[in-house]
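Student: I would like a close look at a single part of this structure. Please start with the chain around that part, then zoom in, then step back out.

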Amino acid sequence: MRNKRGWFAFPYVIWMALFVVIPIVIMAVYAFTVADPATNATQASLDNFTDMGVYLSVFLRSFWLAILATLVCLLVGYPVSYWMAKEGPRFQRVAMALIMLPMWMNFLLRTYSWMSILENNGLLNQLFRAVGLLDLLGVDHIQMIGTSGAVVLGMVYNYLPFMILPIYSVIVKLDGSLLEAARDLGADSARVFSKVIFPLSLPGILSGVTMVFVPSVSTFAISNLLGGGNQMMLGDLIELQFLGGAYNPHLGAAVSMVMMAVVVVCMVVMNHFGEGEEQAVML
Amino acid sequence: MKRSNHVGSRLFIGLVFLFLYLPIFLLIIFSFNAGDSSAVWKGFSLDWYAALFQNRLIMESLYTTLLVSLLATAIATAAGTFAAIGLYSLSKRRRDALLVVNDIPMMNADIVTGVSLCLFFVAFFQGWGAFAQWFNGVQDVVELPVRLTLGFGTMLLAHIAFNIPYVILNVAPKLRQMDKNLVDAAQDLGCTWMQAFWKVILPEIKPGIVSGALIAFTMSIDDFVISYFTAGSSTSTLAMRIYSMTKKRITPEVNAVSTLLFLSVLALLVLNNVREVRQQRRAERQEIREPSFFERLSMRFSQPALRWARRGAAAALACGFIVAVALLTGATYSQPVVNVCSWGEYIDEDLITQFEDQTGIRVNYQTAESNEALYSLLKSGGADYDVIVPSDYMISQLIEEGMLEELDYSQIPNFELIDPRFRGLPYDPENKYTVPYSWGTLGLIYNANMVDEEPDSWGALYDSQYAGSVLLINNSRDALGAALLHLGYSVNTTDEAQIREAFELIAGASRRGVFQGKVMDQVFQKMEGGNAAIATYYAGDYLSMLDNQADGVDLRYVIPEEGANWFVDAMCVLKGAPHYDNALAWINFIASTDANLANMDYIWYASPNTQALEEYPAYYEELYGEELDPELYEIMAAPPEVLERCEMYLALPPATRALYNSLWIELGI
Amino acid sequence: MSKELIRLRDCVMSYGDEVVLDHINLYINDKEFLTLLGPSGCGKTTTLRIIGGFLSPTAGDVFFDGVRMNDIPPHKRAVNTVFQRYALFPHLNVFENVAFGLRIPKADRDGRKVKLPEREIHQRVMEMLEVVNLKGFEKRPVSALSGGQQQRVAIARALVNRPKVLLLDEPLGALDMRLRKDMQIELKRIQQEMEITFIYVTHDQEEALAMSDTVVVMDGGRIQQIGTPEDIYNEPKNAFVADFIGESNIIDGIMRADGVVEIFNRRFQCLDKGFEKDEPVDVVIRPEDVDIVDEAAGQLRGTVTAVTFKGMQYDTIVDFYGFKWLIQTTDYCPVDSRIGIKIDPDGIHVMKKSQYSGMFGDYSSYSEEYEELDVAEPEDGEEDGSREGGYEE
């Protein structure tokens, strides 16, 4: 009887082919062709890839900043998830709601509010001035906006919930008797954590890391707003080729492909670490 | 020991929440600011809320955001649930393969999804255009639209596409957990499969559907990148609107709208939480109690006799929603329309309303960041503008590439009012394509309180003594132009060596950390707030800044001794514009003296309209009851002897343009 | 006797190369308690699902009252099912679970959809709850019930629709021993009270023998034997049935003449006839049919290798020429003692050789086999299910 419902999946298969697979194929086609600026004629070529060496520093910066942001998220997010999971159900519910809440405001709004905080004449510098910190240092202001630190801060701020939620949802489901068993077998707190809790929360960490790293490495709005255009990242480079000042979708597609490939490789390597732990520990 | 640990952990969690919420609270606090700074408190007021409801650009984008999120959530939830059920009827091998594909949009970076969908839509539209042309040729029963563009529809499709995987991800585990015999049991008890679906499967997987819908909605609301690449030019979500505003000046109306959003979501969450807590308590206590009013109400409605009433009500609600959406969108789309793309803060918005009232043509007003960005947008096929307002050199490039439509000047009688000085300029020598919008100069803006001596040379831009305080204009033509002038070359040089020399000048300064950032319209808040000392920008914008400068900021404008660029922005109509006549009506309206005066007063750029230019000082005096400072007027409308020293940009050959592009990107990396 | 209600004719069920049911022929009488018995994967649940309408046979026909029903969906069959783990609707309370089927509009004689009046629904549900001893539980959520209570809800839910046939798929599998015994009696009572046909699937032979009018023993997708519990026990058709039903020692023998069978080169009197002369056969000797006597007086002599006290009797394992027998007696024989045995002619049952010959009946690995029988997982539905690729993981 049930087999007959298989056709339910059919429209979705077509949908996926149309809106997931084909777009990526088209992007690949763009990546492997170049356009002659004068005639607009396109021809197959690997130039987009061979010329990409120029952007090596953009790749390095993007990955470096994204790794930094992911690490900070992990270092901050793990303890939060861990301690949250130990609290009472009421606390947990409220905390979860509070973590989700900012996501219903668009992330650009949140990033924008950081702009006014980090400006040279912004709230933070005003605060420093008021407490005399700036005089102490003998400077007019502390440069924060337009630095890579500001970009990392923006990423951490926006993507921290993506780290907390998956880790929390794994830890909260840990079987309490496992911990008791570990204690019973003579493990102290540190050992219980390092030998039982941490390994068991790895799937959550992996999906958290993915969910922070991928948007971080590809962001362009955050680096644009908080990096002041000084911190060009892969996202900016791509955006520049499509809707920005330098129109070259072929190059943009190629950069996207390379970024996608690198991310996929990273994910595969990471998932290899967590061998067999299934993905998608979401919420 | 245990106790202190507890306090420590709570303190940490508290700090993290403070980090998460402090910026939001600041955002909210400054929405009540009397002044328009988001850093200086000038007293309490609700003005920005009033202004918000007047601001149609923000309100429209808010409406678009909510509409696209709700529609995408509803459709994706239904489709995703349907698909999930289908997936679970397939064999495990096939299902797993499909689930891998299902993961792609979730694992992919948003920008990759956005870009690939954008390319897909554009490719599809090209294919469709060819097909429609052929189809319209072979038959004349149905007339297919030949030209499709990115817009609300494509954005909605994109949202649905990235939402469905989240719905499936949430529904699938519920299906997996569901006792497989439940459906059999229901059928065994006399249900058809459909009845079993409604009575058993749906209630069972409801939590998954609800959380899937919730996440889909969250993702839609939070999305910017995918919308940005798929919405094209004629629609903007709130995020896109804010993004384009951050390029210029964000008014606290944005704070107001964020506050409203935040508070409504907070209210929903609190309500839901309270309800859940109550339910849980009740479940814990197994408490027997009188049904509350709402429960009695719902019980009454669930009585079978009233079931039809209930179904009717639900159907009516659904129909109502659809009709409302259809009416709203229909009303906006059946009306004659003109799509205008200009620069941010480049029009007195009252003019839009006036034009709409006079002609009944709805103006869809969008903005682009720069000439180059506009060019990209046009090239990528994402734009369905009728009227654009590019600058001189971009106009000649567009004409050269055959992207502009010739104007029917008989429909633009106000063209006669344009000063002959601004007709037949090099970019459009025969005056076939353009009607000038405004003109001005590009000079140095500096904060007199932040420089030791008043600069009068472009050299100040590259001077190490201002390290960290100089804003480089984020536009290759203007940035390199200034450097070329400083080196004594023409801004229109095609000599690669000269251009490279100019580039080295900039790159050297960049390495020395002279530049605080590359900005376009962000220059406003930076300069007004005293966050930077020196910038390159347009005269008109300097005058706007004067109005908004913070305490202790003293902005000045100078045309450096090496000379500067002077420019004309002119209105043109794109080739194949769908609303050609409306576009001409709009151009004619804007070219009128009244509109020019209003615009001149609002944007502080000089008008090309002879009368308006002459009358403006008097107009100003009448409006504000004080005399216009002649010095300011000269900055706005540079006198001929200043204009003498200035050079207009000409279109560069493709090779030089490519050089500009690659140098510019090199600077960024 | 009672009339025939259901007939399966040459039913074959296969998934690709895998044949799950191999030419099943079976008829079921009205008001009969019929049990499909067999180890997991034997095809019993598949047979039940074909009768229930959840599966269509790959080949062959299903008749209800002489009408071919192959493609009639479950909701149009006068059959209801009690599912393995009850499949109660978690979102409904006890009352609504039982009322579920009654609330589905049914077509009347003119084909119009008719709904039962609420009053009648209420009355019938309450009646049925009384039958299964669950009065007063109607408002409880089903998740708050014990296993036995859930079981009763499942039965009530099925019976309230007044089906002609009730299908029960290992309904007692999830209950503990004692509850199981109680429910067996309860089920039998309900069946007799309601006067309907029960088709019962189980892997538990005791349950089958205790409750059924007819037992169908299945293995490998084939029916091995159909008969009353007594027939099945006393006259197993082959080594599989003999082994599966109760305990048995199955020994190779040769039929020397009618009524004479040779085991271990010794001739025994038996009651079986009709075999070829010198035909190799399987000989079944039930453990309780063997008498232990002095070594000298025994027809066979062996050594005791293990003794287990079982309350009513001792299970004694005796080694005869390398072949281990299970003997159940009230006499205690210490390990390593030499004993003799005597078997009466009616204690010997001779079967034709079959594919199962030599696979069963040796107690060399006594303890393991015993355990295996106890835990034979009640999961064969699961196995069947995964082949269909339904909703389950």
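Tutor: Chain B holds 26 helices and 10 strands. Keep in mind that this is a predicted model. The C-alpha atoms of chain B fill a box of roughly 95 × 85 × 55 Å, taken along the principal axes. Chain B has 669 residues, and 47% of them count as buried. Now take the contacts in chain B between residues at least 6 apart in sequence. Of these, 77% join residues at least 24 apart.

Now zoom in on one helix. Helix 22 of chain B covers residues 593-603. Which of its residues are buried? They are A595(B), N596(B), L597(B), A598(B), N599(B), M600(B) and I603(B). What do these buried residues pack against? Four elements of chain B take part: helix 14 (349-359), helix 20 (539-548), helix 21 (580-591) and helix 23 (610-624). Look next at the residue just after helix 22 of chain B. That residue is W604(B), and it takes a positive phi of about 65°.

Another place in chain B shows how two helices meet. Helix 3 of chain B spans residues 56-87, and helix 8 of chain B spans residues 193-222. These two pack at an angle of about 145°, and their axes lie 9 Å apart. The crossing of helix 3 and helix 8 of chain B is right-handed. Who makes the contact? From helix 3 of chain B come T65(B), V68(B), S69(B), A72(B), T73(B), A76(B), T77(B), G80(B) and T81(B). From helix 8 of chain B come I209(B), G212(B), A213(B), A216(B), F217(B), S220(B) and I221(B). Sorted by class, this contact has 8 nonpolar, 8 polar and no charged residues.

Chain B also touches a neighbour. In that meeting, 91 residues of chain A are in contact with 88 residues of chain B. Which element gives the largest share of the chain A side? Helix 1 of chain A (residues 9-31) does, with 14 residues. By class, the chain A side has 64 nonpolar, 22 polar and 5 charged residues.

Now step over to chain C. Its secondary structure comes to 10 helices and 22 strands. Its C-alpha atoms fill a box of roughly 80 × 45 × 45 Å along the principal axes. Chain C has 393 residues, and buried residues make up 40% of them. Again, take contacts between residues at least 6 apart in sequence. In chain C, 69% of these join residues at least 24 apart.

Chain C is divided into domain 1 (4-233) and domain 2 (249-359). The centres of these two domains, taken over C-alpha atoms, are separated by 40 Å.

One sheet of chain C deserves a look. Here 5 strands form an open sheet, in the order 17-21-18-19-20, with antiparallel pairing. Strand 17 (290-293) and strand 20 (323-329) of chain C stand at the edges. Each has a single partner strand, so one side of each is left without a neighbour in the sheet. Neighbouring strands of this sheet are turned by 45° against each other on average, direction ignored. Strand 19 (residues 314-320) of chain C runs antiparallel to strand 20 of chain C, and 7 bridges join the two.

Methods:
Residues numbered from 1 in each chain as written. Chains lettered and ligands numbered in written order. Predicted model: local features only at pLDDT ≥ 70, side-chain atom pairs only at ≥ 80, totals over all residues. Buried ≥ 20, exposed ≤ 12 C-beta atoms within 10 Å, placed from the backbone. Contact = placed C-beta atoms within 7 Å. Domains from an automatic or database assignment. Nonpolar A, V, L, I, M, F, W, Y, C, P; charged D, E, K, R; others polar. Pairing = 2+ DSSP bridges. Axes fitted to C-alpha atoms, helices over the stretch in contact; angles between N-to-C directions. Left-handed = near helix turned anticlockwise from the far one by under 90°.
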